[in-house]
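Biologist: Can you put the model up? I'd like to go through it with you.

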Amino acid sequence: MDYWEPELETLPRDTLERFQARRLGQTVERALNSPWYGEAYARQGITPDDIRSVDDLRTLPFTTKDDLRAHFPYGLLCLPLRETVRLHSSSGTTGTPTVIFHNRHDLASWANLVARSMFAAGVRDTDVFQNICGYGLFTGGLGFQYGAERLGALTIPAGSGNSRRQIKLMRDYGTTVIHTIPSYLVRLRAVFDELGLDPRRDTRLRLLLIGAEPHTEATRRRVQDMFGVKAYNSYGLSEMNGPGVAFECEAQSGLHLWEDAFIPEIVDPETLGPVGPGEFGELVLTTLDREAMPIIRYRTRDLTRFIPGPCPCGRTHRRIDRIAGRSDDMFIVKGVNVFPMQIEAVLMRIPEVGHDYLIVLDRVHGLDTLVVRVEMHPESFTGDFAALEELRDRITREIRDEILVTPKVELVEPGALPKPEGKAVRVRDRRNETGAEANVTPGE
Ligand code: ADP
Ligand code: ZN
């Protein structure tokens, strides 16, 4: 087995935890230099001497996205601006963006983590790597760029959009590895079809790196079939640098979370206490190798669990399961809690269903309605009404069995749903929009 950093990636657990404890102490010391942590910790009488082991982390308060917003922009910065060299901010999917500052050390450490992640998924310096995502404040562009360069792959900073150009780049330079969001790969595949090309035959692709948005195992399999290569899951968030927090290795059974750089905890989102072994909860992360802006016990709002047991690859850093959703993705309809990924899981295992869907929530005469618009698979989109009706009933039943609420399923033609530029939008909640009551069938 090959590793990027053999020693660090396979450290015995007790050595790894001692290493974490040392870095945690340094992190708390640094954090005290920021206006916000400095004041909050002083108020609660917390000093670096209180932190001797990883377990002591649990005595520290959480940091939330609201804390970052309330102290925007410089409240958590620990260094003078002269020493910082870059900022990134989140894509703002769920509200006001948050901003993170880096010094040179932070950027080098981040690039190394991304290189380590890519290497674990099988990328090598002989690869041609095409990074199909936004270059700018979004961390997926520059994060993968510097990581891939650190690894030594020839890197094409393709940016997002313009699928025909993406395909041309792939064919001109013999791209072997792509990184992008899974919902985009589906669109890219459709453009291959339009051009009469098949990525399995007409490119040199050998693997895909996908991440940045929730997706199910069934979606991964579809993407793998479309391109005829394996797809590895990449997890990160801008508050923790961006990509390179957790990544699948070649075993494809969970994402190794790099524990020399982060301490992960999984807590019950209600009680905030730890969950039982192997149980799902909210991922909480602490940076261990960030100098400009350490963050301690950050509530990611992402739901996952630790996968018990060792990984066949020999890495000792624990694995998390694919993200089941964000706690704020959850919606309540007719009193039942539902995650979009539950609906996606049902849809993506039905072969007649295409690759895109939209969940529309509304309120009609004071009652919640749940409409699931489902794109059909091109091959199943025929004029056979009886078959369509049968399919619609089957989808309705299977969703009801999964979420215990009966949806109204609408089958739409392939490509009919709106395609956002960035991350996929799976839910449209019209219940709080003005005029929602009056408009029973929303026409986006
Ligand atoms: P935003 O919160 O505005 O989307 P980011 O660009 O920092 O900002 O995105 C990070 C978030 O994206 C994560 O907190 C998580 O919800 C989601 N995410 C990132 N990678 C994955 C992945 N592999 N699977 C599922 N969700 C992911
Ligand atoms: Zn592994």
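**Salt bridges, zinc and domains**

Modeller: A search of the whole structure turns up 39 salt bridges. Keep in mind that this is a predicted model.

Biologist: What does Asp289 pair with?

Modeller: Asp289 forms a salt bridge with Arg23, and their closest N and O atoms are 3.9 Å apart. Asp289 sits in the loop between strands E11 (281-287) and E12 (298-304) and Arg23 in helix H2 (residues 13-31), so the pair ties together parts 266 residues apart in sequence.

Biologist: Is Asp289 buried or exposed? And Arg23, buried or exposed?

Modeller: Asp289 is buried, at 17% relative accessible area. Arg23 counts as buried too, at 19%.

Biologist: What about Arg201 and Asp202, what do their side chains form?

Modeller: A salt bridge, 2.9 Å from N to O. Arg201 counts as exposed at 58% relative accessibility, whereas Asp202 counts as buried at 19%.

Biologist: And how far apart are the closest N and O atoms of Arg400 and Asp401?

Modeller: They are 3.6 Å apart, in a salt bridge. Arg400 is partly exposed at 35%, and Asp401 is exposed at 54%. Elsewhere, Glu217, Arg220, Arg221, Glu248 and Arg322 are joined into one network by salt bridges that share partners.

Biologist: Switching to the metal. Which residues are the protein donors of the zinc ion, ligand 2?

Modeller: Cys249 (SG), His256 (NE2), Cys311 (SG) and Cys313 (SG), at 2.1 to 2.3 Å from the zinc ion. Along the chain the donors follow the spacing C-x6-H-x54-C-x1-C.

Biologist: What's the geometry of the zinc site?

Modeller: Tetrahedral, with angles of 101 to 117 degrees among the four donor atoms. His256 lies in strand E9 (residues 255-257) and Cys313 in the loop between strands E13 (306-307) and E14 (319-320), so this pair ties together parts 57 residues apart in sequence. Both His256 and Cys313 are buried.

Biologist: OK, domains. Where are the bounds?

Modeller: Domain 1 is 1-328 and domain 2 is 331-429. Their C-alpha centres lie 30 Å apart.

Biologist: How much area do they bury between them?

Modeller: About 1,400 Å², with 57% of it on carbon and sulfur atoms. On the domain 1 side, Arg187, Thr216 and Arg222 lose the most area to domain 2, together 37% of what that side buries.

Biologist: Last one: why call helix H10 largely enclosed?

Modeller: Eight of the eleven residues of H10 (residues 217-227) are buried, so the rest of the structure largely encloses that helix. Among them are Arg222, Val223 and Phe227. Gly228 follows H10, with a positive phi near 70 degrees.

Notes
Residues numbered from 1 in each chain as written. Chains lettered and ligands numbered in written order. Predicted model: local features only at pLDDT ≥ 70, side-chain atom pairs only at ≥ 80, totals over all residues. Heavy atoms only, no water. Donors = N, O, S within 2.8 Å, 3.2 Å for Na, K, Ca; no water. Tetrahedral: all angles 85-135°; square planar, octahedral: opposite > 155°, others 65-115°. Helix = DSSP H or I, 4+ residues; strand = E, 2+ residues; numbered from the N terminus. Buried < 20%, exposed > 50% of the residue type's maximum accessible area, 1.4 Å probe, protein only. Domains from an automatic or database assignment. Buried area = accessible area lost by both parts, 1.4 Å probe. Salt bridge = Lys/Arg side-chain N within 4 Å of Asp/Glu carboxyl O.
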